[in-house]
Amino acid sequence: MRKFLSATLLARGYGVAEAASGREGLLHAAIRAPDFILLGLGLPDLDGVEVIKQLREWTATPIIVVSARGQERKKVEALDAGADDYLTRPFGSTELMTRLRVALKHATPNTREATNAVVIVGELRIDLMRRLVFVGDREVHLTPIEYKLFALLMKHSDKVLTQRQLLDDVWGPGHEEGKQSLRDCLMQLRKKLEPDPARPRYIVTEAGVGYRIKVPRDARA
């Protein structure tokens, strides 16, 4: 299948990077910033749906799943995880190119700019592909919830995210503990990431609205 896809795309002037495993594909996506991704679900190391979830943590690049007949449940899971479309084998080159054109047409105008596996704000740095967080050269361990909240704020740095947005995206709609869980998590993030947690430089509160990662004035373009 990879040989067929590669030959078809190369014949139409596309550059192609092949990956034989999920981890290799994630690495290619981070380094090469492709215009689109063709993804099989039957990978030797990672589940294809898990690969989609990891990609969607840091990139909006169109993803088209290549699946076998009888994988309807997996196709639904793939779409729910963030895939844009799917092709069911067998298919021809004409259908493949049509699906690609549609996916690229519907891609957001800033998809390439959004494909950035590392976000840096001042001394804070987050590697979204490897799920690593640093303050300067020091790696900082975050809990899964802390990481999810911090990654969301960093991906939207200098933009105010409302409390409701953060609760829904990190804990899920209808979270019972609500605002107190958010405040507690932000307090822990400040302790781990701020030079002075009592006077935060980066993770700031916008009274009555929400929170944001503040880009230091000297770091602005």
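Start by selecting residues 37-40 and 63-67: these are strands S1 and S2, which pair in the parallel sense over four bridges. Pairing here requires that DSSP finds at least two bridges between two strands, and the elements are DSSP runs numbered from the N terminus (helices: H or I, at least four residues; strands: E, at least two). Before going on, note that this is a predicted model, with local features needing pLDDT of at least 70 and side-chain atom pairs counting only at pLDDT 80 or more, while totals for chains, interfaces and linings use all residues. Residues are numbered from 1 along each chain as its sequence is written, and side-chain values use heavy atoms, leaving out hydrogens and water.

Now zoom in on the bridges. Ile37 has Ile63 as its partner in S2, and Leu38 has Ile64.

Together, S1, H3 and S2 form a right-handed β-α-β unit; with the strands pointing away from you, the path from the first strand over the helix to the second runs clockwise. H3 lies across S1 and S2, at about 150 degrees to S1. Such angles run from 0 to 180 degrees between N-to-C directions, with axes fitted to C-alpha atoms, for helices over the stretch in contact (heavy atoms within 4.5 Å).

Then bring in the rest of the sheet, an open one of three strands in the order S1-S2-S3 with parallel pairing. Its edge strands are S1 and S3 (85-88), each pairing on one side only. Neighbouring strands are turned by 25 degrees against each other on average, direction ignored.

Finally, select residues 93-106: helix H5 packs on the sheet, touching S1, S2 and S3, and its direction makes about 175 degrees with that of S3.
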